[in-house]
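Thanks for coming. I have one structure to go through today, first as a whole and then around one residue. Here it is.

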Amino acid sequence: MLKQIVTLTKKLINCPSISPYDAGCQDILIDHLIKLNFNIEIFNIKDTKNFWAYRHNNTDINIIDTLIFAGHTDIVPPGDIKKWKFNPFKATIKNNILYGRGSVDMKGALASMIIAATIFFKKYSKYYNGRLAFLITSDEEGTAINGTKKIIQKLIDRKEKLDYFILGEPTSKKILGDNIKNGRRGSLNIELIVKGTQGHVAYHKLANNPIHQIIPALNELLLIKWDEGNIFFPETSMQITHIISSIKNNINNIIPGDVLLKFNFRFNNEINYKNILNIFNKIIQKYIKNFNIKWNISGFPFLNLFQKNNLNKKNLINIVKKNIKLVNNIKPTIINDGGTSDARFLIKSKAQVIELGLINSTIHKINECVKVNDLYLLSKIYYNIIKDILLYN
């Protein structure tokens, strides 16, 4: 089992699938699923590749449960390749650690899912009661426009039965399985242009420096404690991601005429984005007279809790927790920190959605890597989840 997972993970890493380009990853996955007698539907949209694959027994599809593994084959760029210990697109194992871009986010999880399914159907091909499916995209790290967002809507529109999603994003912190997610914070992006008057630094009274204007406003914004968070979410945070003046060269004797700033707020369900915008605007207006603000929401906060009144469904959170404890002897926390994920689209199906994946300490970094044994443990957890959902009770 371990050899199969490592081999498949290495094949996927060796495909330089920088978002939204798939670079052959999905062909590799589809080949495995075809051998397992999965039905495959391709949904390629512009430069994004997507597929929906499923296998079920002869039971009426309307009455059986569907468990879906979801994920993405695209990755972020590797950065300066010279700083990597090994070629990021040539998977390398050193001291039982597998290095390569996408090893954690999330090609290792994809391989673990596929091999878990392989082992399950090899053992229980005639004795399961349900449907196992895969929803895979190549547009998660990028714009996320032509990937899961559109495919899940197609599935909803045609009334596909979607009951349980396991999304393989890297949710673990220090030990595999020590944290899972059943929600995500929202993401609010604000673009602020502060306008001043360009001039010579030696005659500053004849100019109006927009950088100087914004400093007291930034100081006040940075001192705000937006909320306390709650049991499922950390507190809301603000980060300044860009400060760019209109002076584009190295000349240092010009006061710029304007400055562009970009902010990102990761907000929980304790605060409404409208409240954030209102506070932000009031502070800017307090210090600055001439400015423009643009904003957009790239995701709203959500929390997926099991509805106790739904007697026909199994509790996915409990199933995941039980199998993490069984396989790796640890009780997971549920802390919904981190960035956005495709879970924000999956939740529209009204299915139970849980994110469970590898240790996230090296994602998007130079020398992204995963412990080889963690791939085995994750696949074993996935395998047990399949059994708990699809085997006859």
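I will start with how to read the model and then move to the protein itself.

This is a predicted model, in which local features need pLDDT of at least 70, side-chain atom pairs count only at pLDDT 80 or more, and totals for chains, interfaces and linings use all residues. Residues are numbered from 1 along each chain as its sequence is written, and side-chain values use heavy atoms, with hydrogens and water left out.

The protein has nine helices and 19 strands; these are DSSP runs, H or I of at least four residues for helices and E of at least two for strands, numbered from the N terminus. Its radius of gyration is 24 Å, close to the 21 Å from the globule rule for 393 residues, so the protein is as compact as a globular protein of that length. That radius is taken over C-alpha atoms, and the rule is 2.2 Å times the number of residues to the power 0.38.

Of the 393 residues, 52% count as buried, meaning under 20% relative accessible area with a 1.4 Å probe, protein chains only.

Now to one residue. H72 sits in strand β3, residues 66–72. Is H72 buried or exposed? With 1% relative accessibility, H72 counts as buried.

What does the side chain of H72 meet? It makes a polar contact with the side chain of E169, at 3.1 Å. A polar contact is a pair of N or O atoms within 3.5 Å; within protein, one must be able to donate a hydrogen and the other to accept it, and residues adjacent in sequence count only if both atoms are side-chain atoms. A polar atom of the H72 side chain also lies 2.9 Å from the backbone oxygen of D74.

How values were computed
Buried means under 20% relative accessible area, exposed over 50%, partly exposed in between (1.4 Å probe, protein chains only).
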